[in-house]
Structures are given as C-alpha cells and as structure tokens.
Amino acid sequence: MSLSNEIAVIVGAGHAGAELVASLRQNAYSGRIILIGDESELPYRRPPLSKTYLSGAASRESLLIRNAGAYDKLQVECWTGTQVLAIDRVNKNILLNDGRTQPYTKLVLATGGRPRKLVEPQAQKPNVHYIRTLADIDHLQTDFAAGKHLLVIGGGYIGLEAASVGIQSGLRVTVLEAAPRVLARVAAPQISAFYERAHRARGVDVRTGMSVQAFHGEQQVDSVSLSDGSQLSVDLIVVGIGILPNDELARAAGLEVDNGIVVDAYAQTRDPDIFAVGDCAQHVNGFLSRRLRIESVPSAQEQARTAAHSICAKRVPHAAVPWFWSDQFDLKLQMVGLSQGYEQLVVRGDPETESFSAFYLLDGIVLSVDAINRPQDFMVAKRLVAEQVRVDARELADESISLKSLLPAG
Ligand code: FAD
C-alpha cells in the first residue's frame, strides 16, 4: 500500500495504542502511522504483571500484544524508548526527548497512568515497589523470594493479586487497607467480605482500617509502625493505592484536563485533530450516559476503536458496557457494568462454595454483576446489563431457574 500524506501519531504504546494502530488500518487509514512509547518494549499486556508474570508462569515474550513483524505488516512505525515532551498545536508537531520534532495530521494521546506513590521520604527505598510496567516486575522479582515477609499497602485488585502470588510463591504476606474493607471503591460489602475470608483462609494476614504511620530502616524499609501502635518487620513492600492519569502533555498544550484528558463520546478533545483514549482519558460513555475515566483493558480497546473511527471520518460514539476481570488464587472474578447507585444486591449461588454471582440492582434493573468462578453466568450477565433487563430478585437468586430464561425473548 502506498501511503498518503496524512500522519497519525499515537503517543503511548500500551493497550490502547496497540489497538488503535490496528483499528486505523482496519478502517482503511492510508496515512503514515507512528506509535511512540517511552518504554523499551513493544506494546505488551499489563494484566499478567500482577498475575502470571509475577508468579513466573508467563514468559516475557508471551506478554507481547503482537510481534515486530505484525507492525511491519500493518505499516506501523514503532518508536520505542522515545518520550514525547511537548505538543505544539499551532504548528501541529510534537517534541521528542531526542530533540527531534515530528509533525502530525492527527494526534492521539494514549499515555495511560502511573502509580500513585507514597510521599514519605522514609518510603523512598529500593524495597518499596509499585506495579505498572515490566521493568517494575523485573525489579520486584529481585526481592520476591520464598520465606520473605511481603507487606502489601492497599487492598484493591492489584494489591490483592500481588498478595495471592506472594502466598503461592511461599512468601509471608500482610495486606493493609486503610478503609474498613478491601475493594471498598468497587465492590459491595458482601464481595469485600468474601475476598477477605478467601485471602485469610489461604494464609494472608488481611488488616483493614489500618495504615502505616512510619517507615523505618536505612538502606531498605525493614519495619513499619502501624496506626494501632504496633510494629511490623518487613522484607519488601508492594504499594497498590491507585494510579494518576498521565495528562500533563495535554494540560501543557492547553487542552482541558479534569482527572484525565477530557474528550467527547468520539474520543475527541476540543482540538479537532487531537484525541485521547484509555486510562488517561476522561471520556463520555453513551451507555452509562456520563463522563468518567476507566482503568481497564476492554475499555482502552473500545475507546481506541472509537478514535480510529473518528479519524477515519466514520463517527461512532463510544457506548460500550465496561467490563473487567481479576485473578486471585483459584478465584476468577469477572465484572460487568458499574455498580454505583445500586440499591439491592442479589446473590446467586453459595459464596461458601467459592462459585457464585452477585447482581447489583437499581429499581429491579441489573446495573452490574460480579461473577466469581462462574463464566457461564458472566456471559448471560453481560446481556442482562447491556440490555438493562428488569428482573425479579427472587427468580434471580433461585438456581433452579436458568439465568438465560431471564433474558428478554427474541
Ligand atoms: P497503558 O497500558 O498504561 O499504556 C500507556 C503507555 O504510554 C505506557 O507505556 C506509558 O509509559 C506510555 N507513555 C506515557 N507518557 C508518554 C510519553 N509522554 N511519551 C511516550 N510514551 C508515553 N485491566 C483489566 O481489564 N483486567 C485486569 O486484570 C487488569 N490487571 C492489571 C494489572 C496490573 C498490574 C496493571 C498495572 C493494570 C491492570 N489492568 C487490568 C489495567 C489495564 O492494564 C489498563 O487499563 C490498560 O493498560 C490501559 O491501557 P492504556 O493504553 O490506556 O495505558
């Protein structure tokens, strides 16, 4: 294919960037495509970082979203190890860290996020780890050894996944969560209670309503003081207290930023030639009828497809139902929808069996579902949420009634 004079530049070679370049070609984009990433790798899958890659079950190569040859076939130039420092919107070019400038016709910001860090000077030590990149895990693995005491700060998905790999790798693990329960931001109290029980049953010391007051140690953090006045000896710490969107480039370029780069349902900023997608984007989701920022692979990919459509003048608003998953021990959690604002939780199956689903209802309508070791429920749940089905709570809880039969006919 001979290329036109158009140039699409994508800043950020992660999940969204990788999806976008393929989607542009699928939509017959005929210009030059340049994918720029500041990590040294081609785009790779991040979810295994706190799961199979940390445990050693997945190889580095298996993480790649596609290999170099596939980008060649797509006629996509991948500039890895290259950071974009600034956007010049007037002249429509970007400044790179090697001093070059690169013009664009369309620019997509797919810059993701970075871990929120502890601010205490005493916590700035090499055995205090964060999990976002392959390099982070390579560094963590130098400390991650059987018999060591791992302290996880933060009982969100990443912290709990790291805790589960820790136990399975023979470490002693303590999880501290400042809120009264783990997963407090994203799950119902019953789901939090289930995960606390499951972790404790497998040997994790889960302490909720507890935080670190002080870090101690010279070269490394070797102990911490907790909010209840006790001391804990530690060998290594993993911090999982959320991420911050990488929206500084956009802010400096005068684009609107509000906990992420503000875009419309077409992934477009107020500058018609600049788009933002993925973890860095404060976007409009037509299905949810609101603006929000979501940190999930399926959402990053959907937004990337939306931006590709917009760039190829096939405007299709973003209206995908968000979904997500988390693997801890032998527990596969799959979630669909957003539970915010729910008024009733219906549990189908017995949590004691570690195979059940929780349905979040508002006025009888299924807002979201958490399915634990229930892939079949999850398939139906996706439709119940997408089609905003009104259900009878008693039928939903009754396992003698098939879930499928609750879907609208036809
Ligand atoms: P990213 O994948 O973060 O990619 C952004 C890239 O842009 C990065 O490489 C960054 O370094 C680069 N960049 C930033 N600024 C610049 C610049 N100025 N110049 C050049 N490059 C730049 N989601 C799920 O759905 N399920 C899961 O189970 C799950 N598990 C996860 C486990 C871990 C450990 C982590 C960290 C995330 C997990 N997620 C999971 C979230 C998911 O990985 C993210 O939502 C997804 O990676 C977002 O993709 P993105 O392309 O927006 O950002």
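**Figure 1. Contacts of Val-257 in the predicted model.** Beyond its neighbours within four places in sequence, Val-257 is in contact with Asp-247, Ala-250, Arg-251 and Val-262. The model shown here and in the other views is predicted. Val-257 sits in a loop, with α7 (248-252) on one side and β18 (261-262) on the other. Is Val-257 buried or exposed? Its relative accessibility is 17%, so Val-257 counts as buried, the cut-off being under 20%. Thr-269 lies 12 residues from Val-257 along the chain. The C-alpha atoms of Val-257 and Thr-269 are 9.7 Å apart.

**Figure 2. Asn-259, in the loop between α7 and β18.** Asn-259 is not a glycine, yet its phi is positive, at about 50°. Most residues other than glycine have a negative phi. Asn-259 counts as partly exposed, with a relative accessibility of 43%.

**Figure 3. Lys-92, in the loop between β4 and β5.** Strand β4 covers residues 84-88, and β5 covers residues 93-96. Lys-92 has a relative accessible area of 25% and is partly exposed.

**Figure 4. The buried residues of helix α4.** Helix α4 spans residues 134-141. Which of its residues are buried? They are Leu-134, Ile-137 and Leu-140. Down the axis of α4, these buried residues fall within an arc of 120°, so they line one face of the helix. Their cover includes α2 (52-55), β9 (128-130) and β16 (236-239).

**Figure 5. Val-128, in strand β9.** Strand β9 is among the elements that cover the buried residues of α4. Val-128 is itself buried, with a relative accessible area of 7%. Which residues does Val-128 touch, not counting those up to four places away in sequence? They are Leu-118, Ala-123, Val-221, Ile-237 and Val-239. Asp-143 is 15 residues from Val-128 along the chain. Between the C-alpha atoms of Val-128 and Asp-143 there are 9.8 Å.

**Figure 6. Arg-374, in the loop between β26 and α9.** Strand β26 covers residues 365-372, and helix α9 covers residues 375-386. Arg-374 counts as buried, at 13% relative accessibility.

**Figure 7. Met-1, in the segment before β1.** Strand β1 covers residues 7-11. Is Met-1 buried or exposed? Met-1 counts as exposed, at 56% relative accessibility. Leaving aside neighbours within four places in sequence, Met-1 is in contact with Arg-25, Tyr-29, Ser-30 and Gln-75. Gly-31 is 30 residues away from Met-1 in sequence. In space, Met-1 and Gly-31 are 9.9 Å apart, C-alpha to C-alpha.

**Figure 8. Ile-34, in strand β2.** Strand β2 runs over residues 32-36. Ile-34 counts as buried, with a relative accessibility of 0%. How many residues separate Ile-34 and Ser-405 in sequence? They are 371 residues apart. Their C-alpha atoms are 48 Å apart in space.

**Figure 9. The setting of the close-ups: the whole protein.** The protein has 10 helices and 26 strands. Its radius of gyration is 22 Å, close to the 22 Å that the globule rule gives for 410 residues, so the protein is as compact as a globular protein of that length. Along the principal axes, the C-alpha atoms fill a box of roughly 65 × 60 × 35 Å. Of the 410 residues, 53% are buried. Take the contacts between residues at least 6 apart in sequence: 60% of them join residues at least 24 apart. The accessible surface comes to about 17600 Å², and carbon and sulfur atoms account for 50% of it. How many side chains carry each charge? There are 41 positive and 46 negative side chains. The centres of the two sets lie 4 Å apart.

Methods: Residues are numbered from 1 along each chain as its sequence is written. This is a predicted model: local features need pLDDT of at least 70, side-chain atom pairs count only at pLDDT 80 or more; totals for chains, interfaces and linings use all residues. Side-chain values use heavy atoms; hydrogens and water are left out. Helices (H or I, at least four residues) and strands (E, at least two) are DSSP runs, numbered from the N terminus. The radius of gyration is taken over C-alpha atoms; the globule rule is 2.2 Å times the number of residues to the power 0.38. Buried means under 20% relative accessible area, exposed over 50%, partly exposed in between (1.4 Å probe, protein chains only). Contact means heavy atoms within 4.5 Å. Accessible areas come from the Shrake-Rupley method with a 1.4 Å probe; for residues, only the protein chains shown count as cover. Lys and Arg count as positive and Asp and Glu as negative; His and the chain ends are not counted. The place of a charge is taken as NZ of Lys, CZ of Arg, CG of Asp or CD of Glu. The arc is that of the directions from the helix axis to the C-beta atoms.
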